[in-house]
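Thanks for coming. Please look at the structure first, and then I will go through it part by part.

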Amino acid sequence: MRSTVGRVSMIALALALLSGTVGAETIKIGVNEPMTGAFAASGTYVVNGAKIAADEINAKGGILGKQIELVIEDNKSNPTEAAAVAEKLITRDKVPVMMGAWGSSLTLAVMPKLMEYETPMVVETSSSGKITTSGNPFIFRISPPSAIEAVAFKGIVDKLNLKKADFLVINNDWGRGTAEDFGMMFKEKGIVVGLVETMDQGAQDMSAQLSKIKGSDSETLIVTTAVDQLTLIFKQATALGLKKRIITTGGSQNPDQIIAQAGAAANGTMHLTTFLPWFPEKTPNPKATEYFISEWRKRGFDFAGCTESFRGYDGIRTAAAAIEKAGRAEPAAIKAAMWSIDVKGLNGDIIFKKSGPEGKESGQSQPNVYLIEINDGKIGMKTL
Amino acid sequence: MSEFLQHLVNMLVLGGTYALLGIGLTLIFGIMNVVNFTHGVLYTLGAYVMFIVVQELGLNFFLALPVAIVVGWALGAIIELTMLRPLRDSDIDTTMLVMIGAWIAMQSGTLWIWGGVAKSVATPFPEQPLVLGPVSVSWLRLFVLAAAALLIVVTYFLINRTKLGGAMRATFQDHDTASLMGVNVDLINTSTFAVGSSLAAAAGALLGPVYVIFPQMGDLAAVKAFAIVILGGLGNITGAVLGGFILALAEELGAGYVSSGYRDAMGFLIIIAVLIVKPTGLFARSERVG
């Protein structure tokens with residue numbers, strides 16, 4: 001018995017040492033995404049985009065002469081899990097930099113861990129303003145916060161002739177943050193903010209909220225949530241005979257999936273998006289966009305996923321660029337290097353600017369925002 | 001006023017499906033006393049059966065419902081035979097843990113097979129709603145309400161007016177006596193679980209096309225089903241039906257006139273109130289104690 005135990009531990013030790021040496025030859029990047037739970041679809045797209053970036057970098061010889069290795073963990077769309085995943089990635093896998101965590105509530109839950117272990121994270125999707133204004137110097141965000149989105153939208157609202165708008169937003173940091181930032185911008189523009197209704201992350205029946213909104217005298221409804229709930233909202237709004245102009249925000253709308261699932265109910269809806277996979281020639285870096293889309297197609301993924309997955313692709317390229325610039329895979333060096341990178345992102349150049357309280361600023365890049373419209377089941381740039 | 005009428009119509013449509021969810025679980029949780037965590041997954045699977053039959057096989061929409069009922073029935077029977085029967089004499093905690101395991105395994109299975117991207121089902125109903133003055137309602141939802149009502153009536157008669165129903169009620173009232181009276185107790189256990197499961201699958205098949213179909217869709221449905229069963233009184237079919245409508249009413253009016261952020265909390269506030277005032281459920285008959 002004793003000898004068996006001894007032998008097993010010897011093997012285990014040998015394996016641990018072996019995997020240790022293998023690990024030393026790669027540079028690890030932690031990926032903290034929702035692959036199950038309410039945001040499973042979106043998180044999986046982002047991870048697939050991340051894999052394309054890693055494969056592309058490795059095919060070109062890796063960084064600092066080493067291959068990069070993504071350590072992918074599922075945060076189950078749950079903030080508690082997201083924080084646990086971050087801790088696991090940092091302490092057990094010893095990743096020097098991470099990407100995550102899709103949702104704002106998930107990212108906000110991870111942030112104290114970044115301070116505790118002094119490890120930088122590229123935020124690829126979350127749009128709550130709090131993420132870059134709360135004084136966390138380990139945050140480098142490549143997605144637009146709702147304030148940037150609101151500013152981008154500010155130039156368009158006059159042409160849309162907005163007078164009074166209601167909000168229907170997901171009841172979390174993302175949704176409430178959007179209602180706040182857009183509400184402020186509307187007030188500046190003299191647009192009246194009517195009802196502000198919320199819905200739970202997993203809610204499937206929004207008829208009650210929509211019935212209330214139907215009764216209001218606003219002509220526009222601003223909706224912020226992920227694609228699955230958007231589909232339901234469009235269908236339910238049609239069923240209730242709601243005839244307001246609907247504009248969605250947040251960049252997680254996935255218009256192709258909306259058209260496929262909401263059908264005619266999606267016609268006439270407008271969406272503020274952060275990527276134009278339908279018109280690669282109109283994106284800031286057309287060549288990179290075309291490469292990414294062809295690679296995405298080659299792997300047999302659903303084209304509809306592009307509007308999510310490009311962020312995973314850009315996020316990993318951002319992390320890799322920082323490691324390369326740092327010259328070594330250490331958290332402090334990578335954090336410092338983030339400030340001097342310039343990545344040709346699919347939605348504009350990724351250059352971090354300081355955001356938040358002085359002395360402990362987070363990094364924020366300035367991605368583009370576009371308004372698209374669905375008509376007759378087709379996506380078009382909204383011409384204004 | 002027109003907004004209030006719209007809320008009432010929404011309540012009727014939502015309540016019908018809540019009632020359907022509730023009666024399936026009240027059979028299993030209320031009568032069999034099994035804390036059935038697989039109820040939500042069976043609901044999800046019912047919806048995926050709808051998706052397979054309509055979208056993948058291209059068959060008739062109305063055919064999918066009976067198929068889902070049969071699949072739900074069969075899965076329920078399998079769960080009972082493989083997991084619950086060997087645990088018949090174990091305590092409730094053991095059974096509960098096994099059911100939690102089955103729930104997680106089955107849910108992960110759906111994620112593995114169909115992935116996390118939500119699916120939708122095309123229906124033969126027109127997209128434009130039925131408009132009655134200030135109120136509109138979709139044809140699909142009216143069909144769901146009618147089908148749910150039919151299933152509820154059938155279940156009511158099955159439990160209260162048939163020999164099988166009598167045997168079910170006898171078995172779970174007194175296992176040993178029923179057995180001595182010649183009731184095949186094993187068969188009754190399996191059929192009760194199977195009937196309850198088929199109702200969950202039916203609810204999923206009906207609601208899948210109304211909403212979208214994804215692996216976690218059953219979680220919220222299961223939570224609501226438990227709430228409805230507790231509200232209506234364990235094992236009480238009429239109670240579960242009324243409980244379904246009360247929950248729907250609370251959610252509609254709560255979201256419409258109090259705060260939409262607390263929509264899902266409304267139902268649970270009622271349950272807390274019911275548990276304080278009448279712990280056996282709103283519609284439970286007074287029971288003999290001892």
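**Domains, core and a helix pair**

The domain assignment divides chain A into domain 1 (2-144 + 286-364) and domain 2 (147-273). Keep in mind that this is a predicted model. Between the C-alpha centres of domain 1 of chain A and domain 2 of chain A there are 30 Å. Where they meet, 19 residues of domain 1 of chain A are in contact with 18 residues of domain 2 of chain A. On the domain 1 side of that contact, α4 (104-117) and α12 (306-326) of chain A each supply at least two residues. The most comes from α4(A), with three residues.

Next, the core. The largest nonpolar core has 205 residues, and those touching the most other members are B:Val49, B:Ala68, B:Ala201 and B:Ala202. Which helix gives the most to this core? That is helix α1 (residues 2-31) of chain B, with 14 residues. Domain 1 and domain 2 of chain A both give residues to this core, so it lies between them.

Take B:Ala68 as an example. Leaving out residues up to four places away in sequence, B:Ala68 touches B:Gly46, B:Val49, B:Met50, B:Ala201, B:Ala202, B:Gly204 and B:Ala205.

Last, a helix pair in chain B. Helix α9 (residues 217-232) and helix α10 (residues 237-258) of chain B pack at an angle of about 120°, and their axes are 8 Å apart. The two helices, α9(B) and α10(B), are therefore oblique to each other. The crossing of α9(B) past α10(B) is right-handed. Among the residues that meet there are B:Lys224 and B:Ile228 in α9(B), and B:Gly243 and B:Leu247 in α10(B).

Technical notes:
Residues are numbered from 1 along each chain as its sequence is written. Chains are lettered from A and ligands numbered from 1 in the order in which they are written. This is a predicted model: local features need pLDDT of at least 70, side-chain atom pairs count only at pLDDT 80 or more; totals for chains, interfaces and linings use all residues. A nonpolar core is a set of buried Ala, Val, Leu, Ile, Met, Phe, Trp, Tyr and Cys residues joined through C-beta atoms within 7 Å. A residue is buried if 20 or more other C-beta atoms lie within 10 Å of its own, exposed if 12 or fewer, and partly exposed in between; C-beta atoms are placed from the backbone. Helices (H or I, at least four residues) and strands (E, at least two) are DSSP runs, numbered from the N terminus. Domain bounds come from an automatic or database domain assignment. Two residues are in contact if their C-beta atoms, placed from the backbone, lie within 7 Å. Axes are lines fitted to C-alpha atoms, for helices over the stretch in contact, and angles run from 0 to 180 degrees between N-to-C directions. Angles under 35 degrees count as roughly parallel, over 145 as roughly antiparallel, 65 to 115 as roughly perpendicular and the rest as oblique. A crossing is left-handed if the near helix is turned anticlockwise from the far one by less than a right angle, and right-handed if clockwise.
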